[in-house]
Amino acid sequence: MRIGTARKLFVGFGLLPSVLLYAVFVVVPVFWSAYYGFMDWKGIGEARFIGFDNYVEALTHDIFWQSLGNNLIVVAASVFGQVPLALLLALLLSQGTWFQRFVRASVFMPMVLSSVVIGIIWSYIYQPQIGLLNGILSFVGLEEWKRAWLSDPSIAMWMIAIPIIWNFIGPYLIMFLAALSSIPQELNDAAAIDGATRTRRLFSITLPMIWDTIKVAIVLCISGSLKAFDLIYVMTKGGPAHATELLASYMYNNTFNVYRYGYGSAVSTLIVIISLLLIAGSQILMRRNNQ
Amino acid sequence: MSTSMPALDTGLHKTQRQNKWWRRSIRNILLGLYALVTLYPLFWMFMSAFKSNADFFANPFSLPQTWNWSNFVRAWEVSGMGKATMNSLFVTFVSLVLTLFFGALTAYIISRFEFRGRGILYSLLLLGLLIPIHSTLVPLFSMMNMMGIFDTHAALILPYTAFELPIAVFIITAYLANIPKEMEEAALVDGAGYTGIFLRLILPITLPALSTVAILGFLRFWNDFAFALVFINDPSLKTLPLSLSVFADGFTTDYSLTMAALSMASLPTIIVYLMFQEQVMKGMAAGSVKG
Amino acid sequence: MRRNWMIVLTLLIVVTMFAGCSGDKGATGIKSAEGDSIKLSLWHNFTGDDLRARTMREIISEFEAANPGIKLNVQAIPPDGYRARLKTVAAANEMPDVFIMWPGAMTKEFQGGGLIQPVDELLQANAAWKDGFLPGSFDNFTIDNKVYSAPMSLTPTSILYYNQSILDSHGVKVPQTWDELLQAVRTLKAAKVTPIALGNKAAWLAQSSILSSLADRVTGTEWFIKAAAQEGAKFTDPEFVRALELLQQLQQEGAFQEGFNSMDNTQMEMMFAHGQAAMMIDGGWALTNLTANATPDAIKQMGVTVLPAIADGKGDPNTTSGVVGVGLGLSAKTEGKVKEAAHKLIFAMSGPEAQKRTLESNQLVSYKVELDKSKVSPIFSKVYELVNDIQFTPVYDGMLTSAGADVVNNGIQELLMGGDPKAIAAKIQEAQAKSLGK
């Protein structure tokens, strides 16, 4: 406590700019938007206070629940697809040979491209007449498997989850690579000398050491999945008949196309609340697993 | 390690070594295939950029029938990409510097100092990951009007930074959690101030994490459409994504010009990505030497 | 305790922000008359490389050159983001002086919010111009007998495009009745030719291009106007359900190619342009795409007609659904000299000369102009002729509330996937009634 004042000053002045920026440009608009959620407002003219009506309407509307269900598919696909795959790739690519660097750079490439390009190319892969997927299926003689992948409501959502997983693996790969690099090499070496197998070392050294990063990755996965919008918007616009509607596209549509600003704001507030619940849940689960 | 063991050339060892060689080859082939799959969209985008619209629709997956270099010229001229690129570079660069500096500072304080409200601050920042940005458009627009920064580059830089802070703090904090504190404590004993420690110790150590944040931030700022659409009026201040969307008029989309424009716009992102990726790797190498 | 304190503080900030927002309206984005030159802001979405967008941009630059006393602040906003952009400034009550505005729902919303003012003065001052418009041109821009804009284009939304050579080679003639259409579909289908190309990813397409005309043939226009207003007719009425059934029948006969719900209309137009489908039901907007991408020979093979007649329908078969296109809206806040300048600009961009030039850039207008056929593509002049011979009926999303139209769009996608017409009709009825507060 010799340098208590310097410490306090540093903490205070160090945090000030971030806190200020964040409060003004993120926190206030969010509360503001939640407030609009209590209004019957078309985005134009008079707003009328209607209490919780918008929230009740959303929670009793089947399309809201359908969107939430679709969102949960994306969340599940990301958490159980993206994270393990990125981790596996990170473990395989942790040496710096030119080949590994090439693969690493490639895995990230879809992120570099605009989601418009990704959306269009995947639409063409799934396209029923001249699409790549159906083409391959005919080529290998599986004619009966051919399908209108994005038009069939029973599979469309899963088909869209694939490009979403594939597209966003890059950042998780990099996070895991960075985390892996912070594990002291001696730990692994020592364990290897003690005769621990690779699998054993993975579970008793590597994973515990990067557990925090995995948790961060899962939080990012959940929040990212609930905000997912761009790819859906390009590929299906949420259709056919809401089959691939996500909460974010449902919110966007209500706000900017159907002129229900208040309702859209209520939905976006619900998105935040649902994300919070999911993240809290995932953290509790992981804490238990960790023990 | 098994490979450095003195070679007792028995038959058993030979098969083991052969096995290993096979496994590695199969692994590398699979990795290589995966890399090609992820690189394909990039290739596809550049190919499509050369096609005529008719060619694009008739043969989405083949090479261009004729190489229309003029697509690039027309796309560049019609969308006014020259000025927009300069604006995008400026806005992205400034936002990135602010994000990295304040993100690292906040993460450092949160992970190394005990102070009142730390938990709340961290949770509030977590909340920022969950905000669907479309819901903040109207409140932010009204606020910027009041603050008088509407229609300036600050109207993009400040919210970009604010919305990117959570992810930056998150990644860097997680990274710092795995870094031993001894060095900082030693520096403190040597009489270095907190500012000095932050600038001379923390920033260099967290380079891999910073590079991850930089890559993600760059992509987000460079590709953002929603904020750029709403917060900028003056045509001479517009950023790239706006000029890229001029080829779709709601009824028809000029795909070849769109692809040509997107190809040109993605070049900087590819370069930046490769650059920072190198930093992530260098940081990793440094980490393993040190550790 | 500390947690509570934080919440209170945050709320406090929020409350102060609101107080600030209702009080001070000083610093706005759009300033009017200052100094000696008049400042006028204009928002449009003519950003593309197509002929019409280029023509409109030319007209604007000519206006600037001819009026040095008026300083135009022009915002060219990409069409993809135009509506969202306009909505945001509308929510904050910061409209530009002059802007592109859609007839129907959008005009009603803006008028209801007190954001726009009528342009009657301008129309009265130029009587010859006003009389030059086709009958009904102002209907969807008119509220309480006041006209809020003049249309800059005309869009028939439901035209049956056909490829003569494909029809000929399978011995099919251009269908005049619903039964002939079904017969044609069966014949073509049997010959493994896609009868009708459809791209309904953006779900408004089947609604605007197929349902609007088809339903009008069955129910008659009068019924629809009543149903849209929810006065004396309902979407659960048997005639509307029958219209939905007919549309579903078309799909069940295999009229459309597989995957139509995940293709956009550009893809569908390309299919037709490249002879991969015998027919296509699409709006006048397809012309740009067809002209630019089909070979001259292919264009020669293309013909246009109206949707076939329904035997016992109440509607007039010699019609197409159609809407007048966008017009220029005038902000309610624009006054004095700025308003005079705004009038001048509106006249320059939608007056007789501009209408003529728009028509010559392959875009139909809702204005009496003789077409010089040497200046446009042959398929365009065919549509021009067709449209001159027939009457227009309302388009569904032009008359319904935006919430109602949204449910119709999604309902049609569901219908075309085998949904129950009655259940879909009930959903449409519910949404329309609710959004009208009935």
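How are α1(A) and α4(B) oriented to each other: parallel, antiparallel, perpendicular or oblique? The first view takes this up. This is a predicted model, in which local features need pLDDT of at least 70 and side-chain atom pairs count only at pLDDT 80 or more, while totals for chains, interfaces and linings use all residues. Residues are numbered from 1 along each chain as its sequence is written, and chains are lettered from A and ligands numbered from 1 in the order in which they are written.

**View 1. Helix α1 of chain A crosses helix α4 of chain B.** Here α1(A) (residues 4–36) and α4(B) (residues 81–112) have axes that come within 9 Å and cross at roughly 135°; helices are DSSP runs of H or I, at least four residues, and strands are runs of E, at least two, numbered from the N terminus. Axes are lines fitted to C-alpha atoms, for helices over the stretch in contact, with angles running from 0 to 180 degrees between N-to-C directions. The two helices, α1(A) and α4(B), are therefore oblique to each other (under 35 degrees is roughly parallel, over 145 roughly antiparallel, 65 to 115 roughly perpendicular, and the rest oblique). The crossing is left-handed, meaning that the near helix is turned anticlockwise from the far one by less than a right angle. On the α1(A) side, look for A:V11, A:G14, A:L15, A:P17 and A:S18; they meet B:F102, B:L105, B:T106 and B:I109 of α4(B) (contact: C-beta atoms, placed from the backbone, within 7 Å). By type, that's six nonpolar, three polar and no charged residues (Ala, Val, Leu, Ile, Met, Phe, Trp, Tyr, Cys and Pro are nonpolar, Asp, Glu, Lys and Arg charged, and the others, Gly among them, polar).

**View 2. Two domains of chain B touch each other.** An automatic or database assignment puts domain 1 of chain B at 12–58 and domain 2 at 81–290. Their C-alpha centres sit 31 Å apart, and eight residues of domain 1 are in contact with seven of domain 2. On the domain 1 side, α1 (11–50) and α2 (53–58) of chain B each give two or more residues, and α1(B) brings the largest share, with four. That side splits into four nonpolar, three polar and one charged.

**View 3. Chain C holds an open sheet of three strands.** The order is β6-β11-β13, with mixed pairing (strands pair if DSSP finds at least two bridges between them). At the edges are β6 (154–156) and β13 (391–393) of chain C, each pairing on one side only. Neighbouring strands are turned by 50° against each other on average, direction ignored. Strand β11 (residues 319–324) of chain C runs parallel to β13(C), joined by three bridges, and C:T319 stands opposite C:Q391 in β13(C).
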